[in-house]
Amino acid sequence: MRPPSRFVRAALPALLLLVLAACSAGDSATFPQSTLIPKGDFAAMVDQLFMTTFWWALAVFILVEGVLVLAIWKFRAKPGDAEPAQTHGNTMLEIVWTIVPSAILAFIAVPTVKTIWRTSEAPGRDALVVEVIGHQWWFEFRYPEYGIVTANELRVPMGRTVDLRLTTADVIHSFWVPQFAGKRDMIARHTNHFWFTAADTGIFSGQCAEFCGTQHGRMGFHVVSSDSAGFQAWVAVQKGSAPDSAMAKDSLYQAGKQAFAVGGCMGCHAMAGQPTEKLTQLVGPNLSHVASRHHLVAGMLENTDENLARWIRDPNAVKEGSLMKLPRPMTEAEITALVHYLRSHR
Ligand code: CUA
């Protein structure tokens with residue numbers, strides 16, 4: 001066999017370094033979907049279990065591969081060697097290599113089962129109940145305690161356990177916020193339970209984790225965790241009424257309100273100040289207070305005038321296969337007014 005070329009000898013360590021670089025711890029901003037940066041009690045438990053299992057697996061790997069490499073090296077064929085003695089079976093060895101892995105598995109099973117039980121326990125009674133409903137392709141969040149319905153942005157107070165009740169309006173989805181908890185399926189006519197307590201404030205990325213159609217990959221959302229005062233301020237804003245009376249003399253706002261009603265938006269979206277305000281079974285996200293959200297289109301776009309206009313102008317161009325269909329294309333004047341109207345709803 002030819003020895004590896006100088007290029008291969010130089011490139012191999014570089015490649016190895018590149019592969020190992022992927023293992024760097026990093027931070028939430030660089031790796032928003034990393035499960036290795038836990039920010040809550042549930043995720044921390046899972047992370048701890050993963051690390052325990054990982055170090056055991058590493059020890060087994062080094063031991064097994066070490067013995068293998070040693071055996072290959074030490075007992076390799078040399079020129080002039082006679083045929084080695086032929087053996088079959090070794091009772092002592094077989095007993096040892098059955099007992100040792102069994103013991104390791106039993107040892108790992110204890111923290112595993114403990115974590116499964118702990119994470120399946122019911123959250124305390126003072127937990128904040130949030131009903132989470134999966135839709136193709138967005139998330140609905142309802143807060144029965146406050147009568148708030150929102151979409152694609154789960155607001156939580158840091159330090160208070162969130163009691164999530166998961167279900168779906170259509171196909172099976174899976175709720176996943178890597179930094180707060182594992183994954184849990186959202187199934188029709190069945191409520192799955194899940195909980196976590198945020199230990200940090202900030203905006204964290206979430207994602208549907210069960211293939212659910214064309215835009216499964218873009219069925220995202222964000223968890224916004226704030227301190228208790230910040231959360232209560234958000235609740236107060238969400239419970240506030242539509243800014244209609246303050247905007248009575250704003251003609252662009254009135255034109256936008258009109259466009260919302262006649263342009264077909266009302267057929268799918270609940271909206272403060274519109275006849276659909278209290279409807280809860282519509283197919284699109286509730287748009288009351290839409291301007292208070294950080295993102296649009298299931299976490300895909302920043303919530304700006306330009307992005308909102310782009311989305312309304314041609315939803316399919318932004319998110320192919322989107323179920324948002326306008327009965328007719330809106331005029332640019334209507335889009336401008338509608339963007340102003342929606343962005344006034346903080
Ligand atoms: Cu919903 Cu994938």
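Into which domains is the protein chain divided? I looked this up before anything else. The chain splits into domain 1, residues 128-238, and domain 2, residues 251-343. I note here that the model is predicted.

**Entry: the two domains**

I took the centres of the two domains over C-alpha atoms and found 21 Å between domain 1 and domain 2. To their contact, domain 1 gives 24 residues and domain 2 gives 21 residues. I then looked up the area. The two domains bury about 1,700 Å² between them, and 53% of this lies on carbon and sulfur atoms.

Which elements give two or more residues to the side of domain 1 that touches domain 2? I listed strand S2 (138-143), strand S3 (148-151), strand S4 (153-157), strand S10 (220-226) and helix H4 (228-239). S10 has the largest share of that side, with four residues. Sorted by class, the side of domain 1 that touches domain 2 holds ten nonpolar, nine polar and five charged residues.

I checked the charged pairs between the domains next. The count of salt bridges between domain 1 and domain 2 is zero. For polar contacts, I found eleven residue pairs across the interface of domain 1 and domain 2, with both residues of a pair at pLDDT 80 or more.

I went back to S2 and S3, which are both on the list for the side of domain 1 that touches domain 2. S2 and S3 run antiparallel and are joined by four bridges. Phe141 has Thr150 of S3 opposite. The two strands make a hairpin with four residues between them, and Gly147 in the turn has a positive phi of about 70°.

How many salt bridges does the rule give? I noted a count of ten. One that I looked up joins the side chains of Glu145 and Arg160, at 3.1 Å from N to O. Glu145 sits in the loop between S2 and S3 and Arg160 in the loop between S4 and S5, so this pair ties together parts 15 residues apart in sequence.

**Entry: a cis peptide**

Where does the cis peptide bond lie? I found it joining Gln136 and Trp137, with omega at about 0°. Trp137 belongs to the loop between strand S1 (128-135) and S2.

Strand S6 covers residues 173-176 and strand S7 covers residues 183-186; they run antiparallel, with four bridges joining them. Phe175 stands opposite Arg184 in S7.

I followed the chain into the loop between S7 and strand S8 (192-196), where Arg189 is placed. Arg189 is not a glycine, yet its phi is positive, at about 55°.

**Entry: Thr167**

Which backbone oxygen does the side chain of Thr167 reach? I found that of His190, at 3.4 Å. Thr167 itself is in strand S5, residues 162-168. I then listed the contacts of Thr167, leaving aside neighbours within four places in sequence. They are Val132, Ile133, Gly134, Met186, Ile187, Ala188, Arg189 and His190. The Arg189 in this list is the residue I had noted for its positive phi of about 55°.

Conventions
Residues are numbered from 1 along each chain as its sequence is written. Side-chain values use heavy atoms; hydrogens and water are left out. Domain bounds come from an automatic or database domain assignment. Contact means heavy atoms within 4.5 Å. Buried area is the accessible area (1.4 Å probe) that two parts lose on being put together, summed over both. A salt bridge is a side-chain nitrogen of Lys or Arg within 4 Å of a carboxyl oxygen of Asp or Glu. A polar contact is a pair of N or O atoms within 3.5 Å; within protein, one must be able to donate a hydrogen and the other to accept it, and residues adjacent in sequence count only if both atoms are side-chain atoms. Ala, Val, Leu, Ile, Met, Phe, Trp, Tyr, Cys and Pro count as nonpolar, Asp, Glu, Lys and Arg as charged, and the others, Gly among them, as polar. Two strands pair if DSSP finds at least two bridges between them.
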